[in-house]
Amino acid sequence: ITSVQDVIYISLGADDGLKLGDVFGISSAPAAGPVRKQAEALVVHTDAKTATLVVLQVTQPDIRAGATARQVRRMPS
């Protein structure tokens, strides 16, 4: 069960253009039935190939491995 301020790791990083402050929408894995938005998370750390996100808002707390992370807001340059 995911809650606000939990940490999520994704396989995108600075090499993919991620910056601190970018916001991602987390959605259910496609095999889990209809895709539904589960949470929003903020990038708080980036490495070359990975990023650490902190959950800001949760609508469906059952986030599982394989969930989709899609960037919804970008920090201005």
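Is Lys49 buried or exposed? At 57% relative accessibility, Lys49 counts as exposed, where exposed means over 50% relative accessible area, buried means under 20%, and partly exposed is in between, with a 1.4 Å probe and protein chains only.

Quick housekeeping before I go on. This is a predicted model, so local features need pLDDT of at least 70 and side-chain atom pairs count only at pLDDT 80 or more, while totals for chains, interfaces and linings use all residues. Residues are numbered from 1 along each chain as its sequence is written, and side-chain values use heavy atoms, with hydrogens and water left out.

Okay, back to Lys49. Its side chain meets that of Asp15 in a salt bridge, 3.5 Å from N to O. By salt bridge I mean a side-chain nitrogen of Lys or Arg within 4 Å of a carboxyl oxygen of Asp or Glu. This pair links distant parts of the chain, 34 residues apart: Lys49 sits in the loop between strand 3 (37-46) and strand 4 (51-58), and Asp15 in the loop between strand 1 (7-10) and strand 2 (23-27). Strands here are DSSP runs of E, at least two residues, numbered from the N terminus. Asp15 is exposed as well, with a relative accessible area of 53%.

How many salt bridges does the structure hold? Five. Another one joins the side chains of Asp62 and Arg36, at 3.0 Å from N to O. Asp62 is in the loop between strand 4 and strand 5 (68-73) and Arg36 is in the loop between strand 2 and strand 3, so this pair ties together parts 26 residues apart in sequence. Asp62 is partly exposed at 28%, and Arg36 is partly exposed at 29%.

Then there's Arg73 with Glu40, a salt bridge of 3.2 Å, N to O. Here Arg73 lies in strand 5 and Glu40 in strand 3, so the pair ties together parts that are 33 residues apart in sequence. What about accessibility for these two? Arg73 is partly exposed at 44%, whereas Glu40 is buried, with a relative accessible area of 12%. Salt bridges with shared partners also join Lys37, Glu40 and Arg73 into one network.

Let me stay on Glu40 for a minute. A polar contact of 3.0 Å joins its side chain to that of Lys37; polar contact means a pair of N or O atoms within 3.5 Å, where within protein one must be able to donate a hydrogen and the other to accept it, and residues adjacent in sequence count only if both atoms are side-chain atoms. Leaving out residues up to four places away in sequence, Glu40 touches Val23, Phe24, Val54, Val55, Leu56, Gln57, Val72 and Arg73, with contact meaning heavy atoms within 4.5 Å. Over in strand 4, the bridge partner of Glu40 is Gln57.

Five strands form an open sheet in the order 1-4-3-2-5, with antiparallel pairing; two strands pair if DSSP finds at least two bridges between them. Which strands are at the edges? Strand 1 and strand 5, each pairing on one side only. On average, neighbouring strands of this sheet are turned by 40° against each other, direction ignored. For that angle, axes are lines fitted to C-alpha atoms, for helices over the stretch in contact, and angles run from 0 to 180 degrees between N-to-C directions.

Pair by pair, then. Strand 3 and strand 4 are antiparallel over seven bridges and form a hairpin with four residues between them. Strand 2 and strand 3 pair over five bridges, with Ile26 opposite Ala39 in strand 3. Five bridges also join strand 2 to strand 5, and Ser27 stands opposite Thr68 in strand 5.

Now the inside. The largest nonpolar core has 11 residues, among them Ile8, Phe24, Ala39, Ala51 and Val55. A nonpolar core is a set of buried Ala, Val, Leu, Ile, Met, Phe, Trp, Tyr and Cys residues joined through side-chain atoms within 4.5 Å. Strand 1, strand 2, strand 3 and strand 4 each supply at least two residues of this core. Ala51 touches residues including Ile8, Leu18 and Val43.

Most residues other than glycine have a negative phi. Gln5 isn't a glycine, yet has a positive phi of about 75°. Gln5 is in the segment before strand 1 and is exposed, at 64% relative accessibility.
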